[in-house]
Amino acid sequence: MSFITNKINPYGGDISHTVQLIDNDDTARDITALVIEFNIYESIFNQTLSADLVIRDSIGIIDGQSPLTGQEFILITFNSSNSGILGASLKFLFKVHKVGSKIELNPGTTAFTLNCASAELEDNLTKTVDITYKDKLGSDVAYDIFKQYIDFGDKNFDYEETDNVVPYTAVGQTPFEALDVIAKECRSRVYKDASHYLFFETAQGFRFRTLSSLLSQTPADDAVYYFSDPGAPNAPPKERLIIGHTFLDSVDTIALLGNGLYDNSTSVIDPITKRFEKSRFNYANDFGKLPHISGGGKPTLNLNKSKVLGSEIPESGHGRLQVGDLTSIAGSDPTFDNRITANSDPYIFHGRERYRKTPLVAAQLASLRQHGIDITVPLNLNINAGDIVQLFIPAAKDRRAELAFIEHYGPNPTFLVTSISTKMSVNGDYFTSMQCVKESFAIDLRGRPIEFTGTQGLMGFSQEGLKYSTQLLSEVGYTTDLNINAVAGVVSGVASIANEELSAISDKAVTDATEKATDAISDTDTDATDTDVTSQSEALDTAADEIATKSEELAKEAVKNIADAAVATGVALVTSKILTSINVSPAKLAKIVAVIKLLEKIPIFKGPITDVKADIAATKDQVTSTVPGGGD
């Protein structure tokens, strides 16, 4: 009998599952109704899948007539009419290896946890590799060991081809240990010295892939998630919403120095030729040598810096000593007189070149510890560890604004899923939890200065520069008030330039009109009639009106440019302080028209706009009082 959840899952639709316990005599028993909750785990750093199930037992399954012995299997099967959330594999088979955390809830009822893993994990511990390989490519050796010692015949093995021969001598290692040794020596045909091979299992099978190849993938169409209110207008579909999250450490320079991200070195000794060499990776100098996540590719540091985490780090904070081949035996080195062959000594003939990739690999692994986030989303069995997803994460200061996502993650903010957990909670809901990391940005952190350019005055103001500088202010930890004050200072500078331009033009207009009026009066006969004087006065009034009109147009243009600057910094202005003062919602504030209309109500713009209006009002009075005969 299978168990179907009676409730409609609020995010993923009509999902159901069954859990079967396969006894040590191969008898299958449906225990779905006894399972309070379960978790299924996969990670790019774990060789197999694992699971744990919390069981509430009132029928004596653990200590009754058929007690658990550790020889049982658990089969979990998912069902749903929504094919978009079901992966290629709907069944998960696990071997029980531990019964733990037994608690008596009440007389006759106990709760305990079943810890399980793929059968290959336990099987691996009972086998040793006894085949020696002399002349096979590393990927071929890995494939052969998988088929000979690991494969149960029903799981895929996705592997990335290598371009170097990796000799292996059987020394009694388990299959997983042998694969680990081989992976360290493999060099990818595509990624060369950035070749850190990982052997891990997902719901789709086993994979033998480089970290570089995982980072280079493009996200699937359905691997996109948003921070959004499901009740908001035009909200993404519920199955694409992030319903829980925890931010991981974003920057820890002490730890990253120790792990080799910013600078690391590898010392190599060749026991044959008695040579010693040292190679080094420096983040500022060698960033371009690393493959980067699709949608990223920009450094997480300002590479213009030379000191302290820059290009001039005195010594490496992370170092290793390895044995390697510093000659080229396979290239027929004449000093050995061809006495070393692939058959007589494959290790020396093919050479150990692990040291060549160690500096890049150390930095690449450390880069995964920079920017990460754990998210919980509605169940999606199509996403696996090692996939790329897109996460639209709002900046903390912009959580309530429209389209206010962290810009240095890029318009397509991609993250690598390093681990994933499929869960059924105690209340019957289904979730997928993912640990996601970002090893590079989508924009270069080398600064973009604010510039006043072009021949159109304020129209040449770099709005992108202002927007970028505001973002940087928030990222380095400025408080809301400091951020507002910084933006206010920039915009006040814009207003000041507008006023200076306006004053200069107004002064010139007044001077020209004054000279024109004075010349006209000088040319007029002193016996002019009242009619002539009246005509002159009307002419002066007309000139004053023209000057005022021209000044007013200039002032309006200045106000418009200030408004444009406000739009460019709108993200920074959506704060509790501003919202309180103008009593308007963030959505309305995001509209350009609303920003312009509300400019006078925003304290930081009130002063500049008042000054501009005062200049406009004073223009006609100034003309009238300056021009002789201009009237009362």
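Which residues make a nonpolar surface patch of about 410 Å²? Keep that one in mind while you look around; the answer is in point 6. Here are my notes, numbered so that you can follow them with the structure open.

1. **What you are looking at.** First of all, this is a predicted model. The protein chain has 632 residues, and 46% of them count as buried. Residues 24 or more positions apart account for 70% of the contacts with a separation of 6 or more, so expect to jump around in the numbering, because contact here just means heavy atoms within 4.5 Å.

2. **The largest core.** Start with the inside. Nonpolar side chains tend to be buried together in soluble globular proteins. The largest nonpolar core here has 33 residues, and those with the most contacts inside it are Val 389, Leu 391, Leu 416, Met 434 and Cys 436. At least two residues each come from β9, α4 (211–215), β16 (371–378), β17 (388–392), β18 (414–424) and β19 (430–438). Strand β18 gives the largest share, four residues. There is also a second, separate core of 30 residues, with Leu 21, Leu 34, Val 35 and Ile 55 among its members.

3. **Zoom in on Met 434.** This residue is one of those with the most contacts inside the largest core. Which residues does Met 434 touch, leaving aside its neighbours within four places in sequence? Its contacts are Tyr 225, Ile 373, Asp 374, Ile 375, Val 377, Ile 383, Val 389, Val 417, Ser 419 and Ile 420. Notice that Val 389 turns up in this list and also among the residues with the most contacts inside the core.

4. **Helix α2 and its cover.** Helix α2 runs over residues 138–150, which makes 13 residues. From first C-alpha to last it reaches 17 Å, close to the 18 Å expected at 1.5 Å a residue. Its buried residues are Gly 138, Ser 139, Val 141, Ala 142, Asp 144, Ile 145, Phe 146, Tyr 149 and Ile 150. An α-helix has 3.6 residues a turn, so residues three or four places apart point the same way.

5. **Leu 360, another inside residue.** Leu 360 sits in helix α8 (residues 354–367). Is it buried or exposed? It counts as buried, because its relative accessibility is 11% and the cut-off for buried is under 20%. Beyond its neighbours within four places in sequence, Leu 360 is in contact with Asp 193, Ala 194, Phe 281, Lys 289 and Leu 290. Take Lys 289: it is 71 residues from Leu 360 in sequence, yet the two C-alpha atoms are 7.8 Å apart in space.

6. **Back to the patch.** The nonpolar surface patch is made by Ile 269, Phe 276, Leu 321 and Val 323. One of them, Val 323, belongs to strand β15 (residues 319–323). Val 323 is partly exposed, with a relative accessible area of 45%.

7. **Salt bridges across the chain.** Side chains of opposite charge can pair when their charged atoms come close. The count for this model comes to 16 salt bridges. In one of them, Arg 209 meets Glu 160 at 3.9 Å, N to O. Arg 209 is in strand β10 and Glu 160 is in the loop between β8 and α3, 49 residues apart. Both Arg 209 and Glu 160 are buried. They also belong to a network of salt bridges that links Asp 158, Glu 160, Arg 207 and Arg 209.

8. **Two more pairs to compare.** Asp 163 and Lys 192 form a salt bridge at 2.7 Å, N to O. This pair links the loop between β8 and α3, where Asp 163 sits, with the loop between α3 and β9, where Lys 192 sits, 29 residues apart. Asp 163 is partly exposed at 26%, and Lys 192 is partly exposed at 38%. Then there is Lys 184 with Asp 180, whose closest N and O atoms are 3.5 Å apart. Why are these two separated by about one helical turn? Because Lys 184 and Asp 180 are four residues apart in helix α3. Lys 184 counts as partly exposed at 36%, and Asp 180 counts as partly exposed at 38%.

Definitions and conventions: Residues numbered from 1 in each chain as written. Predicted model: local features only at pLDDT ≥ 70, side-chain atom pairs only at ≥ 80, totals over all residues. Heavy atoms only, no water. Expected span 1.5 Å × (residues − 1). Buried < 20%, exposed > 50% of the residue type's maximum accessible area, 1.4 Å probe, protein only. Patch = residues over 30% accessible without salt bridge, like charges linked within 9 Å, V, L, I, M, F, W, Y side chains within 5 Å. Areas by Shrake-Rupley, 256 points an atom, 1.4 Å probe, with all protein chains shown as cover. Salt bridge = Lys/Arg side-chain N within 4 Å of Asp/Glu carboxyl O. Core = buried A, V, L, I, M, F, W, Y, C linked by side-chain atoms within 4.5 Å.
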